[in-house]
Amino acid sequence: MDDGVQCVPCDYDPVFEVQVRSERFKFNASHFVAFRGFRERLHGHNYTVGVRVFGPLSPDDGYVLDFGDVKKTVRGVCETLNERFLCPCRSDVLDIRDAGPNVELTAEDGAFFSIPLGDCAMLPIVHSTAEELAAMIWHKTIEAFGVDILKKRGITAIEIAVAEAPMQEARYRRTLAGFAPGAAPIPARAPNAGCGANITPAG
């Protein structure tokens with residue numbers, strides 16, 4: 001008798017999604033976005049971060065991934081950015097120099113900044129946009145967890161959301177397949193550009 005109930009195929013393989021947000025997933029930072037012919041004024045945001053994890057339910061503990069482990073890892077990443085100037089080391093329009101205790105930046109329009117190195121987060125990104133920050137935080141989160149640990153649990157993808165303000169956020173989602181620890185989250189446009197390569201000693 002057909003009662004309208006569909007049988008679940010034997011090869012059915014459900015994927016669960018867990019989302020974690022916390023009032024401690026935040027960082028306060030200054031930045032400006034610069035690209036060819038344009039530079040924002042220096043300003044700041046109270047950034048917040050959210051995480052979504054995709055994967056199967058573990059038969060051992062009933063988790064996709066322990067919320068506590070997610071919170072600890074993401075909080076640690078946020079702490080490295082808190083109360084810092086977000087310096088896009090792979091920028092193709094900023095001249096970034098190591099001036100001893102300070103980092104010196106000169107923009108296309110001649111604007112000059114000298115900021116204590118200890119107050120900077122030197123980031124392997126081209127622009128300090130919410131989009132590129134989300135990609136960078138994704139990479140840092142995966143590296144902090146350990147990609148092998150995540151794959152062993154069957155995690156298929158992770159999404160990071162970065163909000164500059166309420167209802168104003170960027171999201172970066174990527175599968176773990178092909179992830180290479182240490183790889184730059186955003187490809188540099190200039191050859192050999194990077195956090196070390198394009199910071200020129202002043203002198």
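Predicted model: local features only at pLDDT ≥ 70, side-chain atom pairs only at ≥ 80, totals over all residues.
## About the model

Local features need pLDDT of at least 70 and side-chain atom pairs count only at pLDDT 80 or more, while totals for chains, interfaces and linings use all residues. Residues are numbered from 1 along each chain as its sequence is written, and side-chain values use heavy atoms, with hydrogens and water left out.

## Aromatic pairs

The structure holds 6 aromatic pairs (Phe, Tyr or Trp rings, the six-membered one for Trp, with centres within 6.5 Å; planes under 30 degrees apart are stacked, over 60 edge-to-face, the rest tilted). For F32 and F85, the ring centres are 5.9 Å apart and the planes meet at 35°, so this pair is tilted. F32 sits in the loop between strand 1 (16-31) and strand 2 (34-35), and F85, 53 residues away, in strand 5 (residues 84-88) (strands are DSSP runs of E, at least two residues; helices are runs of H or I, at least four; both are numbered from the N terminus). Both phenylalanines, F32 and F85, are buried (under 20% relative accessible area; exposed is over 50%, partly exposed in between, with a 1.4 Å probe and protein chains only).

W138 and Y172 make an edge-to-face pair, because their planes stand at 75° with centres 5.8 Å apart. W138 belongs to helix 2 (residues 130-145) and Y172 to strand 11 (residues 168-175), so the pair ties together parts 34 residues apart in sequence. W138 is buried at 0% relative accessible area, whereas Y172 is partly exposed at 21%.

## Around F32

F32, F85 and F113 form one aromatic cluster. R39 lies over the face of F32, 5.6 Å from the ring centre (the criterion is NZ of Lys or CZ of Arg within 6 Å of the ring centre and within 35 degrees of the ring normal).

## A buried leucine

L123 lies in strand 9 (residues 120-123) and counts as buried at 3% relative accessibility.
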